[in-house]
Amino acid sequence: MKYFRRYAFCIPVLGKDQSAIYNLQKGQIKLIPNSMVEAIEQLDANPVAEIISELHEDSIEIFESYLQFLIENDLGFLTDEPALFPAIDFQTWDSPEMINNAIIEYSQVYDFDLLCQQLNNLLCKYLEIRVESLDFSEHEKIVRCFEGTLFRSISIVAAHHPSLTEEKLGKLCNKEQRVSRYIIYKAPSEFREKAYPRMRFTVKDVSQQFTEHFPQDSYYISLPFFRESKLFNPYYNKKVCIASDGSIKNCLMHTKSYGNLAINSLDEVINQESFRALWHASHDKILGIKDSPLRYCQLYSSNLRKTDKGLYEMIP
(Lines give C-alpha, C1' and ligand atoms only; values in the text may rest on other atoms or scores of the structure.)
Protein backbone atom coordinates (compact mmCIF):
# COMPACT_ATOMS: atom_id res chain seq x y z
CA MET A 1 0.00 0.00 0.00
CA LYS A 2 1.18 3.51 -0.76
CA TYR A 3 2.06 5.81 2.09
CA PHE A 4 3.00 9.48 1.89
CA ARG A 5 6.19 10.32 3.73
CA ARG A 6 7.27 13.85 4.45
CA TYR A 7 10.96 14.51 4.10
CA ALA A 8 12.30 14.46 7.65
CA PHE A 9 13.25 18.14 7.47
CA CYS A 10 9.75 19.24 6.34
CA ILE A 11 7.79 19.99 9.51
CA PRO A 12 4.17 21.18 9.84
CA VAL A 13 3.53 23.76 12.58
CA LEU A 14 -0.01 24.41 13.74
CA GLY A 15 -1.07 28.00 14.38
CA LYS A 16 -4.24 29.62 15.63
CA ASP A 17 -5.59 31.04 12.37
CA GLN A 18 -3.25 29.39 9.88
CA SER A 19 -0.38 26.94 9.89
CA ALA A 20 2.96 26.49 8.14
CA ILE A 21 5.29 23.87 6.72
CA TYR A 22 8.97 24.50 7.43
CA ASN A 23 11.47 23.14 4.92
CA LEU A 24 14.50 23.19 7.17
CA GLN A 25 16.89 22.02 4.47
CA LYS A 26 15.97 24.67 1.89
CA GLY A 27 15.27 27.40 4.44
CA GLN A 28 11.72 27.92 3.23
CA ILE A 29 8.28 28.24 4.81
CA LYS A 30 4.91 27.77 3.16
CA LEU A 31 1.75 28.94 4.92
CA ILE A 32 -1.11 26.44 4.79
CA PRO A 33 -4.65 26.12 6.19
CA ASN A 34 -5.00 24.41 9.56
CA SER A 35 -7.01 21.63 7.92
CA MET A 36 -3.92 20.61 5.94
CA VAL A 37 -2.05 19.88 9.18
CA GLU A 38 -4.80 17.46 10.13
CA ALA A 39 -4.47 15.79 6.72
CA ILE A 40 -0.66 15.56 7.17
CA GLU A 41 -1.10 13.91 10.57
CA GLN A 42 -3.42 11.33 8.97
CA LEU A 43 -0.88 10.71 6.20
CA ASP A 44 1.87 10.20 8.77
CA ALA A 45 -0.02 7.26 10.24
CA ASN A 46 -2.13 5.70 7.49
CA PRO A 47 -1.99 4.54 3.84
CA VAL A 48 -3.32 7.06 1.33
CA ALA A 49 -6.06 4.72 0.02
CA GLU A 50 -7.29 3.94 3.52
CA ILE A 51 -7.66 7.63 4.36
CA ILE A 52 -9.58 8.33 1.16
CA SER A 53 -11.90 5.36 1.74
CA GLU A 54 -13.01 6.80 5.08
CA LEU A 55 -13.55 10.37 3.87
CA HIS A 56 -16.92 11.88 3.07
CA GLU A 57 -17.38 12.36 -0.66
CA ASP A 58 -17.25 16.15 -0.32
CA SER A 59 -13.85 15.96 1.43
CA ILE A 60 -12.02 13.71 -1.03
CA GLU A 61 -11.25 16.47 -3.54
CA ILE A 62 -9.83 18.72 -0.81
CA PHE A 63 -7.70 15.90 0.59
CA GLU A 64 -6.34 15.01 -2.84
CA SER A 65 -5.50 18.67 -3.50
CA TYR A 66 -3.52 18.74 -0.24
CA LEU A 67 -1.63 15.61 -1.21
CA GLN A 68 -0.87 17.04 -4.64
CA PHE A 69 0.37 20.27 -3.04
CA LEU A 70 2.75 18.35 -0.78
CA ILE A 71 4.19 16.30 -3.65
CA GLU A 72 4.45 19.16 -6.15
CA ASN A 73 6.26 21.36 -3.61
CA ASP A 74 8.76 18.57 -2.92
CA LEU A 75 7.73 18.24 0.71
CA GLY A 76 7.46 14.45 0.58
CA PHE A 77 6.95 11.38 -1.59
CA LEU A 78 4.93 8.18 -1.97
CA THR A 79 6.45 4.90 -0.81
CA ASP A 80 5.58 1.29 -0.07
CA GLU A 81 8.07 1.14 2.81
CA PRO A 82 7.34 3.99 5.24
CA ALA A 83 9.33 2.39 8.06
CA LEU A 84 12.54 3.11 6.16
CA PHE A 85 12.03 6.86 6.66
CA PRO A 86 11.84 7.69 10.41
CA ALA A 87 11.05 11.18 11.66
CA ILE A 88 13.58 13.45 13.36
CA ASP A 89 13.43 13.57 17.16
CA PHE A 90 12.58 17.12 18.21
CA GLN A 91 12.15 16.33 21.91
CA THR A 92 15.84 16.69 22.75
CA TRP A 93 18.41 19.46 22.26
CA ASP A 94 21.81 19.92 23.78
CA SER A 95 25.20 21.49 23.14
CA PRO A 96 28.47 20.99 25.02
CA GLU A 97 29.17 24.61 25.90
CA MET A 98 27.94 26.11 29.19
CA ILE A 99 27.67 29.51 27.48
CA ASN A 100 27.17 29.75 23.74
CA ASN A 101 27.38 33.51 23.20
CA ALA A 102 28.23 36.63 25.15
CA ILE A 103 27.72 40.34 24.60
CA ILE A 104 30.20 42.52 26.45
CA GLU A 105 30.41 46.25 27.07
CA TYR A 106 34.18 46.69 27.29
CA SER A 107 35.31 48.64 30.32
CA GLN A 108 38.38 49.14 32.48
CA VAL A 109 36.18 48.78 35.56
CA TYR A 110 36.65 45.00 35.48
CA ASP A 111 39.43 42.64 34.37
CA PHE A 112 38.65 41.97 30.69
CA ASP A 113 41.42 39.40 30.33
CA LEU A 114 40.05 37.41 33.27
CA LEU A 115 36.55 37.65 31.79
CA CYS A 116 37.80 36.17 28.50
CA GLN A 117 39.49 33.35 30.41
CA GLN A 118 36.24 32.56 32.25
CA LEU A 119 34.22 32.59 29.00
CA ASN A 120 36.79 30.36 27.36
CA ASN A 121 36.55 27.89 30.26
CA LEU A 122 32.77 27.85 29.73
CA LEU A 123 33.44 26.92 26.05
CA CYS A 124 31.79 30.10 24.76
CA LYS A 125 31.78 30.19 20.95
CA TYR A 126 30.61 33.67 19.98
CA LEU A 127 31.52 37.09 21.39
CA GLU A 128 30.25 40.55 20.60
CA ILE A 129 32.31 43.30 22.20
CA ARG A 130 31.06 46.87 22.31
CA VAL A 131 33.73 49.51 22.82
CA GLU A 132 33.55 53.23 23.50
CA SER A 133 36.00 55.65 21.87
CA LEU A 134 39.41 54.29 22.91
CA ASP A 135 42.87 54.66 21.43
CA PHE A 136 44.60 51.99 19.36
CA SER A 137 46.66 50.66 22.28
CA GLU A 138 43.46 49.64 24.08
CA HIS A 139 42.27 47.82 20.98
CA GLU A 140 45.57 45.93 20.91
CA LYS A 141 45.00 44.88 24.53
CA ILE A 142 41.49 43.66 23.69
CA VAL A 143 42.59 41.54 20.75
CA ARG A 144 45.58 40.16 22.66
CA CYS A 145 43.16 38.56 25.15
CA PHE A 146 41.87 36.20 22.46
CA GLU A 147 45.19 34.42 21.93
CA GLY A 148 44.99 30.71 22.67
CA THR A 149 41.21 30.74 23.26
CA LEU A 150 38.50 28.51 21.82
CA PHE A 151 36.27 31.36 20.62
CA ARG A 152 34.94 30.64 17.15
CA SER A 153 33.81 34.11 16.12
CA ILE A 154 34.39 37.54 17.67
CA SER A 155 32.63 40.71 16.60
CA ILE A 156 33.99 44.07 17.76
CA VAL A 157 31.87 47.20 17.40
CA ALA A 158 33.71 50.34 18.50
CA ALA A 159 33.27 54.09 18.42
CA HIS A 160 35.85 55.98 16.36
CA HIS A 161 39.02 57.38 17.90
CA PRO A 162 41.56 59.53 15.99
CA SER A 163 44.31 56.95 16.61
CA LEU A 164 42.33 54.21 14.81
CA THR A 165 43.71 54.35 11.29
CA GLU A 166 42.49 51.96 8.62
CA GLU A 167 45.91 50.41 8.12
CA LYS A 168 46.73 49.79 11.80
CA LEU A 169 43.33 48.38 12.62
CA GLY A 170 43.22 46.34 9.42
CA LYS A 171 46.54 44.67 10.24
CA LEU A 172 45.35 44.00 13.80
CA CYS A 173 42.18 42.43 12.46
CA ASN A 174 44.05 40.26 9.96
CA LYS A 175 46.45 39.09 12.67
CA GLU A 176 43.64 37.62 14.82
CA GLN A 177 41.56 35.30 12.64
CA ARG A 178 38.97 34.78 15.36
CA VAL A 179 37.79 38.35 14.77
CA SER A 180 35.12 37.92 12.13
CA ARG A 181 33.89 41.52 12.13
CA TYR A 182 35.47 44.80 13.20
CA ILE A 183 33.22 47.83 12.82
CA ILE A 184 34.26 51.39 13.67
CA TYR A 185 31.23 53.68 13.84
CA LYS A 186 30.90 57.48 13.87
CA ALA A 187 34.02 57.56 11.68
CA PRO A 188 34.79 60.72 9.66
CA SER A 189 34.30 58.79 6.40
CA GLU A 190 33.25 55.42 5.04
CA PHE A 191 36.01 52.87 4.47
CA ARG A 192 35.99 49.29 3.30
CA GLU A 193 38.98 47.68 1.63
CA LYS A 194 39.47 44.26 0.03
CA ALA A 195 42.78 43.92 1.87
CA TYR A 196 40.86 44.04 5.16
CA PRO A 197 37.59 42.25 4.35
CA ARG A 198 36.45 41.88 7.96
CA MET A 199 36.92 45.55 8.89
CA ARG A 200 34.66 48.49 8.11
CA PHE A 201 34.55 52.16 9.03
CA THR A 202 31.13 53.81 8.89
CA VAL A 203 29.90 57.35 9.55
CA LYS A 204 26.68 55.94 11.03
CA ASP A 205 26.08 55.65 14.76
CA VAL A 206 25.26 51.93 14.92
CA SER A 207 25.16 52.05 18.73
CA GLN A 208 21.50 53.02 18.38
CA GLN A 209 20.85 49.43 17.34
CA PHE A 210 22.02 48.21 20.75
CA THR A 211 18.68 49.22 22.25
CA GLU A 212 16.45 47.97 19.43
CA HIS A 213 14.62 44.65 19.33
CA PHE A 214 15.03 42.16 16.50
CA PRO A 215 12.82 43.02 13.49
CA GLN A 216 9.89 40.66 13.15
CA ASP A 217 10.38 40.32 9.40
CA SER A 218 13.67 38.44 9.95
CA TYR A 219 13.46 34.66 9.81
CA TYR A 220 15.92 31.95 10.88
CA ILE A 221 14.87 28.77 9.13
CA SER A 222 17.24 25.96 10.00
CA LEU A 223 17.20 22.61 11.75
CA PRO A 224 19.36 23.75 14.73
CA PHE A 225 17.26 26.88 15.34
CA PHE A 226 13.99 24.93 15.03
CA ARG A 227 15.08 22.27 17.49
CA GLU A 228 16.36 24.77 20.03
CA SER A 229 13.28 27.02 19.86
CA LYS A 230 10.95 24.11 20.53
CA LEU A 231 12.57 23.47 23.91
CA PHE A 232 14.38 26.69 24.82
CA ASN A 233 14.33 30.41 24.13
CA PRO A 234 16.89 30.88 21.32
CA TYR A 235 17.50 34.52 22.27
CA TYR A 236 18.28 33.89 25.94
CA ASN A 237 19.48 30.28 25.95
CA LYS A 238 23.12 29.88 27.04
CA LYS A 239 23.69 33.62 26.71
CA VAL A 240 25.34 36.05 29.10
CA CYS A 241 25.79 39.81 28.92
CA ILE A 242 28.29 41.97 30.76
CA ALA A 243 27.51 45.67 31.28
CA SER A 244 30.22 48.33 31.49
CA ASP A 245 29.97 48.37 35.31
CA GLY A 246 30.64 44.62 35.44
CA SER A 247 27.06 43.58 36.16
CA ILE A 248 26.02 40.18 34.76
CA LYS A 249 22.69 40.06 32.93
CA ASN A 250 20.49 38.03 30.60
CA CYS A 251 20.31 41.04 28.27
CA LEU A 252 21.95 44.46 28.31
CA MET A 253 18.55 46.11 27.81
CA HIS A 254 17.37 44.68 31.14
CA THR A 255 17.77 46.54 34.43
CA LYS A 256 17.99 43.32 36.46
CA SER A 257 21.43 41.84 37.09
CA TYR A 258 22.38 38.60 38.83
CA GLY A 259 25.83 39.50 40.06
CA ASN A 260 28.92 41.55 39.29
CA LEU A 261 32.37 40.56 38.07
CA ALA A 262 33.88 42.46 40.99
CA ILE A 263 32.53 39.87 43.45
CA ASN A 264 31.17 36.94 41.41
CA SER A 265 32.62 34.48 38.93
CA LEU A 266 30.66 33.83 35.74
CA ASP A 267 30.37 30.15 36.59
CA GLU A 268 28.78 31.03 39.93
CA VAL A 269 26.17 33.33 38.33
CA ILE A 270 25.15 31.28 35.31
CA ASN A 271 24.44 28.28 37.53
CA GLN A 272 21.82 30.25 39.45
CA GLU A 273 18.34 28.92 38.72
CA SER A 274 17.03 32.49 38.52
CA PHE A 275 19.60 33.43 35.87
CA ARG A 276 18.68 30.41 33.73
CA ALA A 277 14.91 30.86 34.01
CA LEU A 278 14.56 32.70 30.68
CA TRP A 279 16.62 30.01 28.93
CA HIS A 280 13.60 27.71 29.36
CA ALA A 281 10.98 30.26 28.21
CA SER A 282 10.44 28.51 24.87
CA HIS A 283 8.20 30.14 22.30
CA ASP A 284 5.44 27.64 23.07
CA LYS A 285 5.23 29.25 26.53
CA ILE A 286 5.04 32.93 25.50
CA LEU A 287 1.63 34.59 25.24
CA GLY A 288 1.08 36.24 21.88
CA ILE A 289 3.69 33.99 20.25
CA LYS A 290 2.74 30.43 21.18
CA ASP A 291 -0.08 30.32 18.61
CA SER A 292 1.93 31.79 15.72
CA PRO A 293 2.91 29.39 12.93
CA LEU A 294 6.20 31.35 12.66
CA ARG A 295 7.19 30.89 16.31
CA TYR A 296 10.06 28.52 15.51
CA CYS A 297 11.85 30.82 13.05
CA GLN A 298 11.96 34.19 14.81
CA LEU A 299 13.93 35.81 17.63
CA TYR A 300 12.03 37.68 20.32
CA SER A 301 14.27 39.88 22.46
CA SER A 302 11.56 41.37 24.69
CA ASN A 303 11.90 40.99 28.43
CA LEU A 304 9.58 38.33 29.85
CA ARG A 305 7.52 37.98 32.99
CA LYS A 306 6.19 34.65 34.25
CA THR A 307 2.45 34.42 34.84
CA ASP A 308 0.54 32.48 37.49
CA LYS A 309 -0.24 29.79 34.91
CA GLY A 310 3.42 29.10 34.17
CA LEU A 311 3.41 30.94 30.84
CA TYR A 312 5.34 34.11 30.01
CA GLU A 313 4.18 37.51 28.85
CA MET A 314 6.28 40.09 27.05
CA ILE A 315 7.04 43.27 29.00
CA PRO A 316 6.63 46.38 26.80
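A nonpolar core is here a set of buried Ala, Val, Leu, Ile, Met, Phe, Trp, Tyr and Cys residues that are joined through side-chain atoms within 4.5 Å. The model described is a predicted one. In general, nonpolar side chains tend to be buried together in soluble globular proteins.

**Nonpolar cores**

- The largest nonpolar core has 56 residues, and the members that touch the most others are F112, L119 and F146.
- Helix α4, which spans residues 112-121, supplies the largest share of this core, with four residues.
- Leaving aside residues up to four places away in sequence, F146 touches F112, C116, L127, I129, F151, I154, I156, E176, R178 and V179.

**Strand β12 and its side chains**

- Strand β12 covers residues 239-242, with K239 and C241 pointing one way and V240 and I242 the other way.
- Each of these residues, K239, V240, C241 and I242, is buried.

**Partners of strand β12**

- Strand β6 (residues 101-105) runs parallel to β12, and four bridges join the two.
- Within this pairing, I104 of β6 has I242 as its bridge partner in β12.
- Strand β13 (residues 248-249) runs antiparallel to β12 and is joined to β12 by two bridges.
- I242 also has a bridge partner in β13, namely I248.
- The hairpin of β12 and β13 has five residues between the strands, and G246 there takes a positive phi near 90°.

Notes
Residues are numbered from 1 along each chain as its sequence is written. This is a predicted model: local features need pLDDT of at least 70, side-chain atom pairs count only at pLDDT 80 or more; totals for chains, interfaces and linings use all residues. Side-chain values use heavy atoms; hydrogens and water are left out. Buried means under 20% relative accessible area, exposed over 50%, partly exposed in between (1.4 Å probe, protein chains only). Two strands pair if DSSP finds at least two bridges between them. Contact means heavy atoms within 4.5 Å.
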